[in-house]
Each structure stands twice: as structure tokens, then as C-alpha cells.
Amino acid sequence: MAARRWLTPRRQAGTERSVLAGEAAALAAEAALATKTRLRDAVSAGPEETVTSARSAASARSARTGKPDEPAEPEFPAHDQPRAAAFFDLDNTVMQGAAIFHFGRGLYKRKFFDTRDLLRFAWQQTYFRMAGNEDPEHMRDVRESALSIIKGHRVEELMSIGEEIYDEYMAGKIWPGTRALAQAHLDAGQRVWLVTAAPVETATIIARRLGLTGALGTVAESIDGVYTGHLVGEPLHGPAKAEAVRALAAAEDLDLSLCAAYSDSSNDIPILSLVGHPYAINPDSRLRKHARAEGWRLRDYRTGRKAAKIGIPAAAGMGAVAGGALAAVAISRRRHS
């Protein structure tokens with residue numbers, strides 16, 4: 001039955017669910033950021049220290065290379081634009097492969113599901129790599145499988161396991177080139193967000209480990225800290241990503257014309273079209289063609305050296321533990337008010 005459902009085309013959810021998913025993702029990201037800020041203030045790591053650390057990192061790079069630390073394109077990212085930010089897709093843009101597959105591998109190791117489910121995940125990962133892009137129906141089936149697996153588990157439990165899975169399967173899959181682009185925005189004093197269809201909890205762990213500002217991701221419904229097996233809205237994919245960025249930009253007072261976005265997939269053309277600085281990273285064929293037609297910048301790291309393991313900065317707390325639940329409650333109240 002599962003195989004037959006996977007092979008049967010289904011219509012994508014409508015615009016209303018995309019808006020709902022985007023709003024939920026933005027609310028979860030805001031909740032996580034607020035928690036991160038409170039924890040940072042508690043250990044006296046204020047804005048001045050952050051700027052100093054960024055400058056120190058730039059100086060260190062200059063010392064290693066023997067050259068002044070200058071961006072390849074001097075005008076971007078600018079250091080005097082507090083309303084600018086950068087948005088990075090995760091799968092095949094920041095990380096090789098799909099985060100949900102790596103997460104599934106870790107859950108199998110911990111006996112969350114059986115060998116038949118593992119084989120399905122393995123086939124889905126193989127398909128993803130061979131196709132080179134994100135087929136919406138395929139990715140939706142992957143997430144439905146994941147939702148059925150986490151149903152009944154506590155949010156805190158999955159967050160704790162997610163930390164371990166990142167170290168085991170994800171840290172070595174980060175593209176160094178994309179990581180350097182994100183760091184350039186951070187060094188410029190800009191905020192950097194992951195925007196992904198992966199679960200918001202997983203995305204937030206990855207963002208924190210990479211020293212980014214936060215993450216927008218798919219919000220799974222939870223009641224009293226326990227996953228119900230349902231989503232708030234739909235997966236944060238395609239148009240839903242653009243809705244999430246719009247909502248976050250409004251909440252954070254960002255000027256999207258000054259912002260940048262990075263993605264490998266043509267499914268992310270909506271979010272790339274929102275910003276003033278769109279980049280196609282490791283693009284699929286359709287995105288490459290579109291980017292060339294629009295004059296967007298392209299970067300391809302797939303032929304470069306093997307991805308290196310990224311260092312892990314000090315943890316800033318687990319703000320997303322409550323983020324998904326808060327978003328679900330807030331959206332539910334808004335819909336029924």
C-alpha cells in the first residue's frame with residue numbers, strides 16, 4: 001500500500017496552507033531566536049562581543065592567506081546594511097543530500113523503525129541523488145513517513161537525538177563553499193537563516209551548530225510536547241518558503257531588496273525572486289537555465305574538494321523545543337478567532 005501511494009500523483013496543497021505553513025515557520029523561528037537571545041544575554045555575550053568575534057575570524061583568515069580579507073565581490077555583502085539578511089536553502093545547498101534522510105538513518109540506528117522502513121528511506125535517498133532536484137510529491141511522501149515515525153514521541157526527545165545525529169551523519173556533509181558564503185554575511189553583521197522543508201527542530205540544530213541566526217522549517221504539530229503526526233499547514237516547500245520569508249522579514253524589519261537567497265532547486269524560484277541578491281548554488285538544470293536568463297549569480301561546489309567537517313560553535317540553547325508548539329498554538333488561535 002505504501003509503495004502504491006508513493007507512485008500515485010497527488011495535487012499539492014493550496015495557497016492557504018502555504019501561507020499557514022509560512023506563518024508557522026516564522027513564529028517558530030521568532031520563538032527560537034527570542035530564547036537564543038535570552039540565553040546569550042544571560043552569559044553576557046552581547047552584540048559587541050559578536051562583532052569582535054567576527055572581526056577576529058576575518059583577521060585569522062587574513063593571517064592564514066597572507067592577503068587582506070576582502071570579499072570576491074567588494075560591494076556584497078555590505079557591512080552597513082542592518083536591514084539586510086541572507087536566506088539559505090539546506091538540502092544540496094548547505095548540505096550534501098537531504099537532512100531528513102540523514103535524520104532517518106540516525107533514527108533507524110536507535111530502533112525507531114524497522115528494516116523495511118530503512119529500505120524505503122534508502123530508495124528515497126537514491127532517487128533524490130539521481131534526480132538532482134526536489135520532486136514535491138516525492139519529498140512529501142518522505143515527510144509523511146517521518147511523521148508516522150515520530151508520532152507519540154516527545155519534542156525534547158527528538159531534539160536531543162537530533163544533536164547526536166548531526167554529529168554522526170550531517171557535520172561531514174556541509175559544503176565548505178556555501179558555509180563560507182554564510183560566514184561572509186555573518187562577518188558583515190547580517191543575520192543568516194536556513195529556510196528548509198526539513199523539520200524546524202532539525203533545521204534549528206543545524207543552524208545553531210553552524211553559528212547561524214536561526215532557521216525556518218516545517219512545523220510538526222505537538223500537543224503538550226508530544227508529536228501528533230500532523231503538520232501545521234504543509235511542508236515548507238516552494239511557495240510556502242516564500243511566505244515564511246515574507247513573514248519573518250516583516251517581523252524582523254528586513255528590506256528584502258537588500259537581502260540574499262541561496263538555493264540549488266528550481267522549486268525555490270519563489271524565494272529567490274523575493275530578494276535583491278538571488279544565488280543559484282549547485283543548481284539543477286531548470287534553475288541553472290532560469291538563473292542565466294534572469295542574470296542571477298551561480299556557484300557550483302560539487303566538483304570541488306570533499307566537504308570538510310565544520311567546527312561546532314558553543315551551543316546557544318534549544319530554542320526550537322518550544323518553537324513548534326508555540327507556533328501551532330498561535331496559528332490555531334488565529335484561525336479560530
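These legends describe close-up views of a predicted model. Residues are numbered from 1 along each chain as its sequence is written, and side-chain values use heavy atoms, without hydrogens and water. Local features need pLDDT of at least 70 and side-chain atom pairs pLDDT 80 or more, while totals for chains, interfaces and linings use all residues.

**View 1. Six strands form an open, parallel sheet.** The order is β3-β2-β1-β6-β7-β8. Strands are DSSP runs of E, at least two residues; helices are runs of H or I, at least four; both are numbered from the N terminus. Pairing takes at least two DSSP bridges between two strands. β3 (214-218) and β8 (297-299) are the edges; each has a single partner strand, so one side of each lacks a neighbour in the sheet. Twist averages 20° from one strand to the next (axes fitted to C-alpha atoms, for helices over the stretch in contact; angles from 0 to 180 degrees between N-to-C directions).

**View 2. β1 meets β6, with a helix on the sheet.** Residues 85-88 and 260-263 pair in the parallel sense over three bridges. Phenylalanine 87 has alanine 261 as its bridge partner in β6. Helix α8 (176-187) touches β1, β2, β6 and β7 (contact: heavy atoms within 4.5 Å), running at about 160° to β1.

**View 3. Ring pairs link Phe88, Tyr262 and Tyr279 into a cluster.** Rings of Phe, Tyr and Trp (its six-membered ring) pair with centres within 6.5 Å; planes under 30 degrees apart are stacked, over 60 edge-to-face, the rest tilted. Phenylalanine 88 and tyrosine 262 are stacked, 4.1 Å centre to centre and 5° between planes. Phenylalanine 88 is in β1 and tyrosine 262 in β6, so the pair ties together parts 174 residues apart in sequence.
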